[in-house]
Amino acid sequence: MSVEIKQKERLNVINPIFDCQPAGGQFAAIAIKECIPLVHGGQGCCTFVRLVFAQHFKENFDIASSSLHEDEAVFGGIDRILDGVRTLIQRYPEVRIIPIITTCSTETIGDDIEGTVNKLNKELKEKYPDKKVKLIPLHTPSYTGSQVSGYDVALETFISELAKQSKPNGKLNIITGWVNPGDVTEIKHLLSEMKVEGNVLLDTETFDAPTMPDKSAFAYGNTTIEDIEDSANALGTIALCKYEGGKAAQFLETEFDIPTIIGDMPVGIKNTDAFLKNIKKLTGKEIPNSLIIERGKAIDAIADLGHMFFADKKVAIYGDPDLVIGLAQFCIDVSLKPVLLLLGDDNKAYKKDIRFKTIEEQIDYDLEVITNADLFELQSKIENKEVEVDLILGHSKGRFIAIDNKIPMVRVGFPTFDRAGLWKQPLIGYRGAEQLANTIANALFTHMEYTKNKEYILNVW
Ligand code: SF4
């Protein structure tokens, strides 16, 4: 029937779905090795974001703040950047890259970040001639976009500042977007099965930091400056997310003539099929039998659930746009009915996203997509019975809507702090699809038991 895409009518935001742009910049920055971002703004612009990272990953990350106070908010905060960078270099001898991430206040004041970086570069050259520290201005005013565009801008900035053409490396760039470390592991597994050498940007697999005998406990990113430099020498690029990394992929194509595919996030069988076909197209490598077996296992697991438990269950999904669209496609594939999608910012490109047209062709009911949405929108629609929902897919910030309205919920996206270890599990790939289907089924089963709604079926299933 139809997919209607419209903006939330209310101007204010109650219980936002997304954090602001600097959060996206910070997430991209912590994925780089020997990198400590300096957030130029009030302390909370860094502290609260760092707290959510710690909640989600149950790990600590190094993020610095220029900690703007009243004087600087009026007269400018350049001195705070100078002090901040000098301190970082003295305190952390291993640091090689410092993105200076602007915020709403410092963009409004109009602090000259580029001029400050030039001044610091001269100073560092004189003081530490043997030390190479790259200072990168990262402009992320928070009154436009969201964490999604912040990540997109950050990755494009890192690649445009660092990528250098030398000799072809035979690698395939995979630009992940804002995914979990478990997804990065799954991407590496798929590449390895296809015998393709990948340059995974950004590699967050090491966020799963072991506690070692020397008590080191800080997590760090695994993408090196050299990996980013080398992205200009790849045989191709696949971006998994249009809105988180799409700009960087386009830059590599325009600037270095690297064949690029900005594909669907490989959530579900069809999207994983497309991802593997894209790898084959760019590298010439065949899809091996091992992956066909994995695919078969996932299809088998989903077939056991689809008709019996998923059919016609109505789903509301919120979160990052590429994830939400990927999940909606997955739901349709497994006989669930996505009826309401909520995207937490007002990116005008959503209206023209071709994927909504494809979804429209696949469904025989009405689906509503709300942009600039908040969680209050979801709550009101459910409580006012404007939409009937059997399942919620989204991050932990919407948990009370599910709890209060007794709707089963599966935590996906970022942040998921109220369930253990989710960030280590993939959504991506065939194994991710199987795991997601099982998790959804188990959430529905628990609900059947607690509400005593046909729970006897589980005795004979
Ligand atoms: S909205 Fe502005 S003040 Fe608030 S955290 Fe984001 S950048 Fe900082």
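Visitor: In what order do the four strands of the open sheet with parallel pairing stand?

Guide: In this predicted model, local features need pLDDT of at least 70, side-chain atom pairs count only at pLDDT 80 or more, and totals for chains, interfaces and linings use all residues. Residues are numbered from 1 along each chain as its sequence is written, and side-chain values use heavy atoms, with hydrogens and water left out. Strands are DSSP runs of E of at least two residues, helices runs of H or I of at least four, numbered from the N terminus, and two strands pair if DSSP finds at least two bridges between them. The open sheet has parallel pairing and the order β7-β6-β8-β9.

Visitor: Which are the edge strands of this sheet?

Guide: An edge strand pairs on one side only. The two strands of this kind are β7 (198–201) and β9 (260–262).

Visitor: In β7, which residue is the bridge partner of N173?

Guide: Strand β6 (residues 172–175) runs parallel to β7, and four bridges join them. The bridge partner of N173 in β7 is N199.

Visitor: At about what angle to β7 does helix α8 run?

Guide: Helix α8 (residues 181–193) lies across β6 and β7. Axes are lines fitted to C-alpha atoms, for helices over the stretch in contact (heavy atoms within 4.5 Å), and angles run from 0 to 180 degrees between N-to-C directions. The angle of α8 to β7 is about 165°.

Visitor: Why is strand β4 described as largely enclosed by the rest of the structure?

Guide: Buried means under 20% relative accessible area, exposed over 50%, and partly exposed in between, with a 1.4 Å probe and protein chains only. I97, P99 and I101 are buried on one side, and I98, I100 and T102 on the other. Strand β4 (residues 97–102) is largely enclosed because the number of its six residues that are buried is six.

Visitor: Which residue in β5 stands opposite I97?

Guide: β4 and strand β5 (residues 134–138) pair in the parallel sense over five bridges. Opposite I97 stands K134.

Visitor: About how much area do domain 1 and domain 2 bury between them?

Guide: The domain assignment, which is automatic or from a database, gives domain 1 as 3–14 + 290–460 and domain 2 as 21–145. Buried area is the accessible area (1.4 Å probe) that two parts lose on being put together, summed over both. In domain 1, F414, F417 and W423 lose the most area to domain 2, together 73% of what that side buries. Between them the two domains bury about 760 Å².
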